[in-house]
Amino acid sequence: MEYLTFGKYTWYVWSSAALTFVVLGANIFLARRRLKLHIEKARRRLAAEEV
Amino acid sequence: MIPWFGWIALALIAVGTVGGLWIAPPDYQQLDAFRIIYFHVPSAWLSQFGYVLMAVAAAVGLIWRIKLAHAVAAACAPIGASFTVVALATGSIWGKPMWGTWWVWDARLTSTLVLLFLYFGYMALRAAIDDENRADRASALLAIIGVINIPIIKYSVEWWNTLHQPATISKLGKPSMNPDMLIPLLVMWLGFTFFFFAVLMVRARAEILVRERNKKWLRDVIGKG
C-alpha cells in the first residue's frame with residue numbers, strides 16, 4: 001500500500017486526482033445524457049407527427 | 001470518430017497518471033506535492049484553449065453567419081468552464097502546502113477566476129435570450145470581448161509580482177523540467193486535449209439536434225436511426 005502514499009502530501013495529491021477524474025466523468029455523463037435526451041425528443045416529435 | 005478520440009484520451013490519461021504519480025521522481029523542493037501538476041496544468045491549458053476556441057468559433061459564426069460555428073462555441077462553454085473549475089481547485093489544493101494558503105488574490109489566480117466568470121456569463125447570456133439568433137450574436141460578442149483575458153492570464157506571471165510560478169513549459173524556450181517529469185505531463189496534456197474534443201463532439205451534436213430540429217435532413221436521419 002506504500003505506493004498509494006505520497007508522504008505528507010498524500011491528501012493533496014489524491015484529492016486533486018479524485019476531483020479531476022470526477023469532473024472528467026461528469027463531463028462524459030452530462031454530454032452523453034444531453035445528446036440522448038435530444039435524440040429521444042426528436043424521435044418522439046417525429047413519431048407524434050407521423051400519427 | 002468520437003469513440004476513437006475517447007479511447008485515445010482514456011489511454012493517454014491512464015498512462016500519464018501512472019507516469020506522473022509513480023514513475024516521475026519527486027521534485028527536489030516540493031517533493032511529492034509537485035505531482036498535482038499532472039492534473040493542474042492540463043486543466044489550466046484546456047480552460048484557456050477552450051475559451052480561445054469558443055471565441056474563434058463565435059467570431060466565425062458572427063462574421064460568416066455559420067450556424068454550426070455558434071453550435072461549436074456553445075458546446076465549448078460548459079467543457080471549458082469545468083476545466084477552469086478543476087484548474088482553480090487543484091491550484092488551490094497545491095497552494096495550501098506550498099504557499100500556506102488556499103487562495104491569494106494574485107494576478108494569475110484572479111484572472112483565471114475572471115475566466116470562469118466569463119464562461120458563466122456566456123452560458124447565462126445564451127440561456128437568458130429565447131431567440132436563438134439574438135442569443136448567438138450577443139454571446140458571440142461577449143466571447144470575443146472576453147478573449148482579451150487570455151493574454152492577461154498567460155503573461156500575468158511576467159507583468160506582475162505573483163506567488164504563482166512562471167511557465168514551466170515554453171514552446172520557444174527549453175522546458176525547465178526534467179524529461180522524466182516532463183514526458184508524463186505532455187502525455188496528460190495530449191490525453192486531456194483528446195478528451196476535450198471527444199466531449200466537444202458529443203455536445204456539438206446535441207446542440208445541432210436542438211437547432212436543426214425542424215429541418216428535413218435531421219428528421220430523415222432520426223427516422224432512419
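Author: From the N terminus on, chain B runs α-α-α-α-α-α-α-α. This is a predicted model, where local features need pLDDT of at least 70, side-chain atom pairs count only at pLDDT 80 or more, and totals for chains, interfaces and linings use all residues. Residues are numbered from 1 along each chain as its sequence is written, while chains are lettered from A and ligands numbered from 1 in the order in which they are written.

Reader: What makes a stretch an element, and how many helices and strands are there in chain B?

Author: Elements are DSSP runs, numbered from the N terminus: helices are H or I with at least four residues, strands are E with at least two. By that count chain B has eight helices and zero strands. Chain A has one helix and zero strands.

Reader: What makes B:Pro42 buried?

Author: A residue is buried if 20 or more other C-beta atoms, placed from the backbone, lie within 10 Å of its own; it is exposed if 12 or fewer do, and partly exposed in between. B:Pro42 has 29, so it is buried. This proline is in helix α2 of chain B.

Reader: Why is B:Arg213 called partly exposed?

Author: B:Arg213 has 15 C-beta neighbours inside 10 Å, so it falls in the middle class. B:Arg213 is in the loop between α7 and α8 of chain B. Beyond four places in sequence, B:Arg213 is in contact with A:Ala42 and B:Leu218.

Reader: Which elements give two or more residues to the side of chain B that touches chain A?

Author: First the totals: 32 residues come from chain B and 24 residues from chain A. The elements on the chain B side are α2 (37-64), α3 (67-99), α7 (179-211) and α8 (216-224). The most comes from α3(B), with 10 residues. That side of chain B has 20 nonpolar, five polar and seven charged residues. Nonpolar here means Ala, Val, Leu, Ile, Met, Phe, Trp, Tyr, Cys and Pro; Asp, Glu, Lys and Arg are charged; the others, Gly among them, are polar.

Reader: How do you know that α3(B) and α4(B) are roughly antiparallel?

Author: Two packed helices are described by the angle between their axes and the distance between the axes. Axes are lines fitted to C-alpha atoms, for helices over the stretch in contact, and angles between N-to-C directions run from 0 to 180 degrees. Under 35 degrees is roughly parallel, over 145 roughly antiparallel, 65 to 115 roughly perpendicular, and the rest oblique. The axes of α3(B) and α4 (residues 107-128) come within 9 Å and cross at roughly 150°. The pair is therefore roughly antiparallel. Their contact divides into 15 nonpolar, four polar and one charged.

Reader: What makes α4(B) roughly antiparallel to α6(B)?

Author: Their axes are 8 Å apart, at an angle of about 170°. That angle makes the two roughly antiparallel. Among the residues that meet are B:Leu115 and B:Leu118 in α4(B) and B:Ile152 and B:Trp159 in α6(B). This contact has eight nonpolar, four polar and one charged.

Reader: Why are the phi values of B:Leu31 and B:Arg65 worth a remark?

Author: Most residues other than glycine have a negative phi. B:Leu31 has a positive phi of about 55°. Phi of B:Arg65 is near 50°, also positive. B:Leu31 is in the loop between α1 (2-23) and α2 of chain B; B:Arg65 is in the loop between α2 and α3.

Reader: Are these two residues buried, partly exposed or exposed?

Author: B:Leu31 has 14 C-beta neighbours inside 10 Å, so it counts as partly exposed. B:Arg65 has 12, so it is exposed.

Conventions. Contact = placed C-beta atoms within 7 Å.
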